[in-house]
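Subject: Structure handover

Hi,

Here is the structure for you to look through. My notes follow below it.

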Amino acid sequence: MVPGGGSSEIGAEVRRDGVRLRPVTEPDLAMFRRFAVEPGLLGPDWHGFRDPGAAERRYATDAWLGEKDGRLVVEVEAEEAAAGFVGFHHGVYGGTAGYWEIGVALLPPWRGRGIGWRAQALLCDYLFLHTPAQRIQAGTHPENVAEQQALERAGFQLEGVVRAAEFRAGRWWDGLLYSRLRDDPSPWDRPAEREWPGPGPNRP
């Protein structure tokens, strides 16, 4: 199971400002298939066509709630709409220091509306609550300014450039590595976020 045990209470725990993280359900698999075969949905993160049936097989195995990796759906509560998903996988530094690496993928209509950074901040809250990990990290591209800003708003700090970290579009690319530690300030403590009315067009 995903860290934290049964999925029945996830919705009650992982929601804020109209954005909710919830377990994957069977209707969500159509969205996962789209991300596997539609290049435009991932933009610069596109790494070629992937097996569109892999999502169903994984869902049949553990409903995307594995001990070492998984996904949760990002839902905009007011519209009861699946906006995308967040993913997480476990790694280890030095043989003993476990950490999580996370990412987010949103469908185009939901981008630029303040949903992505909140989803990533919520995922951090969830993982810190249910696992003893001290560190959560995330990577992005130097040209992806929007995601850099989203990570910073979600409480992450830039650690540096990882050279030649990713092969895509026929060449090797540098990456930026961000991290958030358990004791870092919560993004929800910012007054502007406490007053945010919920996701909508043109809201940061």
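A nonpolar core, as used here, is a set of buried Ala, Val, Leu, Ile, Met, Phe, Trp, Tyr and Cys residues joined through side-chain atoms within 4.5 Å. Buried means under 20% relative accessible area, exposed over 50%, and partly exposed in between (1.4 Å probe, protein chains only). Keep in mind that this is a predicted model: local features need pLDDT of at least 70, side-chain atom pairs count only at pLDDT 80 or more, and totals for chains, interfaces and linings use all residues. Residues are numbered from 1 along each chain as its sequence is written, and side-chain values use heavy atoms, with hydrogens and water left out.

Overall layout

The chain has six helices and eight strands. These are DSSP runs numbered from the N terminus: helices are H or I with at least four residues, strands are E with at least two. In order from the N terminus, the elements read α-β-β-α-α-β-β-β-α-β-α-β-β-α. The chain has 204 residues, and 44% of them count as buried. A contact means heavy atoms within 4.5 Å. Of the contacts between residues at least 6 apart in sequence, 60% join residues at least 24 apart.

The core

The largest nonpolar core holds 47 residues. Leu 21, Val 74, Ile 102, Leu 123 and Phe 156 have the most contacts inside it. Helix α4 gives the largest share of this core, ten residues. Leu 123 touches Leu 21, Leu 72, Val 86, Gly 87, Phe 88 and Ile 102, leaving aside residues up to four places away in sequence.

Aromatic rings

The whole structure contains eight aromatic pairs. Rings of Phe, Tyr and Trp (its six-membered ring) pair if their centres lie within 6.5 Å; planes under 30 degrees apart are stacked, over 60 edge-to-face, and the rest tilted. Phe 35 and Phe 85 make an edge-to-face pair, 5.4 Å centre to centre with 85° between the planes. Phe 35 lies in α2 (residues 29–37) and Phe 85 in β4 (residues 81–93), so the pair ties together parts 50 residues apart in sequence. Both Phe 35 and Phe 85 are buried. Ring pairs also link Phe 32, Phe 35, Trp 64 and Phe 85 into a cluster.

Two arginines sit over rings. The cut-off is NZ of Lys or CZ of Arg within 6 Å of the ring centre and within 35 degrees of the ring normal. Arg 71 lies over the face of Phe 32, 4.7 Å from the ring centre. The charged end of Arg 168 is over the ring of Trp 173, 4.3 Å from its centre.

Helix α5

In α5 (residues 145–153), the buried residues are Glu 147, Gln 148, Ala 150 and Leu 151. They cover an arc of only 160° around the axis, so they lie on the same side of α5. The arc is taken from the directions from the helix axis to the C-beta atoms. The buried residues of α5 pack against β5 (97–106), α4, β6 and β8 (171–181). Gly 155 follows α5 and has a positive phi, near 100°.

Thr 131 is in the loop between α4 (115–130) and β6 (135–140). Thr 131 counts as buried, because its relative accessibility is 11%. Most residues other than glycine have a negative phi. Ala 63 has a positive one, near 55°. Ala 63 is in the loop between α3 (54–62) and β3 (69–76). Ala 164, in strand β7 (residues 157–168), also has a positive phi, about 45°. Ala 164 is partly exposed, with a relative accessible area of 43%.

Best wishes
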